[in-house]
Amino acid sequence: MLTFTCFLFCIPQLHAQNLTKYLIVDSKSKKELPGVVVSIIHADISIRTDADAYFELDMEGLLEDTLLLSYQGYNDLKMPIKKLKEVKELVLEQKPIKAINQKIEKQQKEILTLNQVDKNKITHFAGVHTNTTPFKYLQLAQRFQGPAEGMTLKALKIYMPIPIAASRKITKEQELFLKPYNFKKLPPFTIFRVRIYDEDPTTHQPGIDLCSSIIELKNNDQLEMEVDLDKYNVSIPGKAFFVAIEWMRNGNNVFELDIVSGKMQKLHAYKPFIALSPLKGSQLNVYALNFRNEWAPFTYFMPHLTDLAITATLGK
Amino acid sequence: MKSYSLQLLLLTSFLFIMPTLHAQKKIRGQIKNKTTQSSLSNVTLKWLKANIATQSNAKGFFELERSTKAEDTLFFNAIGYEMLKIPAVGFTNGQSVYLQESNVTLNEVIIAKKKQKQKTATLGRFNDAYADVITTGNHFINYNGPVNLKESYITAKLFNNKNKPSLLQSIKIERNSTFNVFTNKLHYESNISFKVHVYDVDTLNGGPGIELYPGGWLVDNPGDIKTIELNVGQHYILLRSEVFFIAIEWLPLPMNEHFVMDINRITAFYEPSILGYLHRDHRRGIPLWSLFKDTWEPTVLRNGGRYTDLAISATVKYE
């Protein structure tokens with residue numbers, strides 16, 4: 001009996017033994033870096049470092065794979081997972097900050113809003129696995145075409161669908177509609193980041209970061225989120241630019257996904273879910289960043305929906 | 001000397017034989033009008049089996065290679081004359097062929113409206129209010145495509161057609177609304193697409209058989225409307241049997257995806273969301289059939305022990 005009990009206690013320990021903790025720090029200041037994207041390329045997995053800049057990894061079965069670390073304002077670090085055996089701490093180097101030559105000749109005073117969205121017609125959203133295609137992206141970027149060069153990005157408005165039961169008042173109609181589903185307790189909030197990119201002159205896809213500081217947002221079940229960017233002073237050198245949503249694939253944002261047909265499948269999606277603009281455009285303006293840090297057009301809803309439901313306000 | 005004359009004789013006879021040999025490969029003749037005896041030009045003649053054809057010349061003469069096929073038939077055809085067929089055995093080389101003038105004159109065509117009383121009937125009629133009550137109870141009744149749809153999926157509804165034969169006039173499909181979190185309102189998804197099919201009955205198992213309009217109709221972007229009506233009268237779909245089926249095909253397209261977000265889980269459905277209602281008389285047969293990997297199987301949607309059906313109705317025209 002005693003042996004058996006010992007054995008029972010041993011099981012979780014055996015399992016835990018394989019998990020190793022790694023720390024990611026800045027190369028110069030040795031400052032810890034929380035929220036670094038940690039991707040394992042062939043396994044197609046991506047996680048984030050936690051608030052203390054640690055990530056845990058079970059190397060078994062992944063020894064032949066490649067690790068890719070990426071963080072805003074830092075150079076990407078790519079290394080074989082084998083090498084992790086020798087280290088406990090990983091170091092990221094900061095990118096040299098390029099001064100963007102700005103030519104602001106005419107100061108435009110008028111405020112301009114791009115990509116207006118009729119929220120009443122929103123039907124679809126991105127960020128969730130679908131039955132046919134898993135959503136394995138780190139970022140989704142919306143392309144904007146401004147009227148002139150050298151304008152400043154003043155504000156953003158992001159539309160995000162939220163769980164029905166999270167809306168404040170449940171109407172009678174909703175109640176009837178929701179009856180078949182079981183509700184559990186409310187998740188606390190959603191944390192995500194916003195990235196602003198210049199257009200790459202060769203690929204016309206997102207290029208260099210236009211905002212050096214990290215814009216981290218917290219959504220407490222708001223359908224429309226207004227983001228004031230005045231304090232970041234984001235100036236757009238060219239006419240075109242990108243606003244991207246960066247998913248934080250961590251425990252807070254995880255959302256269980258049940259696919260209930262035949263076999264029950266449990267998958268994990270990460271909040272937020274970003275609404276798609278109901279407008280059908282002539283050109284696809286959404287780009288997605290995969291786990292290998294490569295941008296590609298987000299063609300899932302083509303040819304119907306071509307824009308994310310993100311509105312950008314430009315000013316002088 | 002003797003042998004020489006023999007050789008000459010052989011050669012001479014061979015020379016005389018040659019044209020005869022050659023002539024045997026072709027048939028010749030002349031085509032004439034049977035009554036006036038005048039020659040007929042531009043008459044087409046053809047070996048039916050060998051499929052070789054020619055035309056008679058200005059004086060009615062023709063020359064055509066012999067047919068290589070056994071028991072072939074010569075076929076003569078000219079406008080204004082009756083067609084003539086002569087078997088190869090019956091044709092003597094060099095003979096005249098007589099064609100009879102055809103006496104066909106075009107009759108005056110009178111187009112008149114037939115005085116027929118055509119009746120229409122609506123089959124599988126559903127009660128709106130009745131259906132709405134049911135939808136709230138069980139999400140099965142809100143009959144969407146199956147969750148986790150990877151391939152297209154078809155469910156057919158059975159219709160009893162007492163007035164056979166009849167023509168299918170229109171199909172009505174009642175949709176169920178979905179909830180929009182942005183407007184806090186129920187609405188009907190507008191950008192969706194699905195297919196509608198009509199099947200004859202398979203007499204072996206009583207399920208759907210031959211598709212009466214192959215390929216079906218694609219309903220694309222119906223708009224924010226509850227009832228989708230398809231007018232199919234122009235396709236003249238004849239319903240011969242007492243039972244026929246109308247089916248909905250769910251398509252696994254991104255625009256058809258519909259997610260219901262719970263607090264910490266998401267359930268995916270596929271549009272269209274068809275309204276369900278209860279059968280008052282389910283003894284009339286199995287109402288729904290679904291296509292699973294090329295075989296139709298009866299699908300029973302039960303709600304509290306009662307059979308449910310899809311809100312699809314069909315209007316037929318009969319005499």
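**Exercise 1. Determine which residues B:Leu239 is in contact with, leaving aside its neighbours within four places in sequence.**

*Solution.* Step 1: contact requires heavy atoms within 4.5 Å. Step 2: leaving aside neighbours within four places in sequence, the partners of B:Leu239 are B:Asn161, B:Lys164, B:Pro165, B:Ser166, B:Leu168, B:Val198, B:Leu212, B:Phe244 and B:Val316. Step 3: one of them, B:Asn161, is 78 residues apart from B:Leu239 in sequence, yet 8.1 Å apart in space, C-alpha to C-alpha.

The model is predicted: local features need pLDDT of at least 70, side-chain atom pairs count only at pLDDT 80 or more, and totals for chains, interfaces and linings use all residues. Residues are numbered from 1 along each chain as its sequence is written, chains are lettered from A and ligands numbered from 1 in the order in which they are written, and side-chain values use heavy atoms, with hydrogens and water left out.

**Exercise 2. State where B:Leu239 lies and whether this residue is buried or exposed.**

*Solution.* Step 1: strands are DSSP runs of E with at least two residues, and helices are runs of H or I with at least four, numbered from the N terminus. B:Leu239 belongs to strand E18 (residues 238–239) of chain B. Step 2: buried means under 20% relative accessible area, exposed over 50%, and partly exposed in between (1.4 Å probe, protein chains only). With a relative accessible area of 2%, B:Leu239 is buried.

**Exercise 3. Describe the pairing of strands E23 and E24 of chain B.**

*Solution.* Step 1: two strands pair if DSSP finds at least two bridges between them. E23 (residues 288–292) and E24 (residues 295–299) of chain B pair in the antiparallel sense over 5 bridges. Step 2: opposite B:Trp289 stands B:Pro298 in E24(B). Step 3: the hairpin has 2 residues between the strands, and B:Lys293 takes a positive phi near 45°.

**Exercise 4. Summarise chain B as a whole.**

*Solution.* Step 1: chain B contains 2 helices and 27 strands. Step 2: of its 319 residues, 44% are buried. Step 3: among contacts in chain B between residues at least 6 apart in sequence, 69% join residues at least 24 apart.

**Exercise 5. Identify which elements of chain A have the lowest and the highest mean pLDDT.**

*Solution.* Step 1: pLDDT is the predictor's confidence in each residue, from 0 to 100.
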